[in-house]
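Try each one before you read its solution.

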Amino acid sequence: MQNRSVVQRPRIREPLPVAQKTVKSAGRVLEILEYFDDVQQPATVMEVADTLGYPQSSTSALLRSLVALGYLDYDRYKRTYVTSHRVALLGSWVNSDFVSEGSVISLMKELNELTGDTIILATRNGLFVQYIHLIQATSAARLHVTLGTTRPIAASVSGFAMLSTLTDHEIRRIVMRVNAETEDGKPLVKLADVMEHVNHTREKGYAFSCDMVTRGGGMIAAPLPGPMGGQPLVIGIGGISEVMRAREIELVSVLTGCLSARFGKPQPRVNEIIEQASGDPLLQAIMRARVAAPAR
């Protein structure tokens with residue numbers, strides 16, 4: 001009987017289910033984001049847990065973590081969660097041609113080109129505002145800002161711009177929450193001081209300050225007109241304090257003019273701001289033309 005050699009073929013391993021090949025917490029985070037993409041509405045902890053088959057305790061912990069990181073917004077009165085603007089901007093670099101057509105992103109690019117300064121886009125994250133998109137400065141005297149940076153909503157320029165979109169009653173409740181969560185020994189926020197900043201912002205259409213949060217840094221910020229998928233958005237121009245102070249009128253003119261051109265709504269005191277544009281007739285003419293331009 002002829003002996004035949006037996007060829008040992010490599011054993012092919014059956015592919016594991018996706019759930020077994022992923023770190024459980026990472027997989028659940030992505031499934032939660034995909035859940036909201038599917039239902040396209042706010043949901044409670046119980047609704048998320050029931051749909052995805054997760055324990056309620058771990059679901060609650062994951063949702064709270066995503067809120068803290070700025071990827072979910074939480075409505076403490078309705079006790080519901082929903083994806084934030086930051087999620088919408090994830091992966092924008094993959095399809096930059098598409099994103100660049102968006103009015104907000106292209107507005108940021110235009111402001112960056114006109115001013116050379118850092119441009120930030122912020123949304124509310126609990127008792128803070130968070131920078132969810134930014135374009136770094138190109139000028140020599142620049143202020144570097146980190147994506148994801150948070151600022152106190154009741155003690156920052158971007159925060160005052162955000163608060164200016166809310167009612168006085170809502171602002172009062174936020175200040176009460178801020179003070180209730182303030183660590184022992186730290187000063188409390190005075191409602192009168194906050195309302196003074198907010199009312200100035202409402203009157204002028206923008207908030208401006210230097211050295212308020214970052215020593216040596218300043219910002220001009222304004223709320224974007226109209227709802228942008230639920231949560232209000234704030235756009236700001238950041239730079240070195242001494243430069244910002246010297247260029248305040250110029251930068252406000254650029255910001256106000258671009259907002260008017262993009263959204264078709266003249267901002268408060270736009271004509272007065274233009275008239276103050278450093279007494280420069282050329283700059284005044286440019287800004288008048290920009291304000292008069294049709295919304296794109």
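Helices here are DSSP runs of H or I with at least four residues, strands are runs of E with at least two, and both are numbered from the N terminus. This is a predicted model, where local features need pLDDT of at least 70, side-chain atom pairs count only at pLDDT 80 or more, and totals for chains, interfaces and linings use all residues. Residues are numbered from 1 along each chain as its sequence is written, and side-chain values use heavy atoms, with hydrogens and water left out.

**Exercise 1.** Work out how α2 and α4 are oriented and which residues meet.

Solution. Start with the angle: α2 and α4 (residues 56-69) pack at about 75°, with axes 11 Å apart. Axes are lines fitted to C-alpha atoms, for helices over the stretch in contact, and angles run from 0 to 180 degrees between N-to-C directions. The two helices are therefore roughly perpendicular (65 to 115 degrees).

Next, look for contacts, meaning heavy atoms within 4.5 Å. From α2 come Ser25, Arg28, Val29, Ile32 and Phe36, and they meet Ser58, Leu62, Leu63 and Leu66 of α4.

**Exercise 2.** List the buried residues of α2 and say what covers them.

Solution. Buried means under 20% relative accessible area (1.4 Å probe, protein chains only). That picks out Gly27, Arg28, Ile32, Leu33, Tyr35 and Phe36. Their cover includes α3 (45-52), α4, β1 (72-75), β2 (80-83) and α5 (85-89).

Methods
Parallel < 35°, antiparallel > 145°, perpendicular 65-115°, else oblique. Buried < 20%, exposed > 50% of the residue type's maximum accessible area, 1.4 Å probe, protein only.
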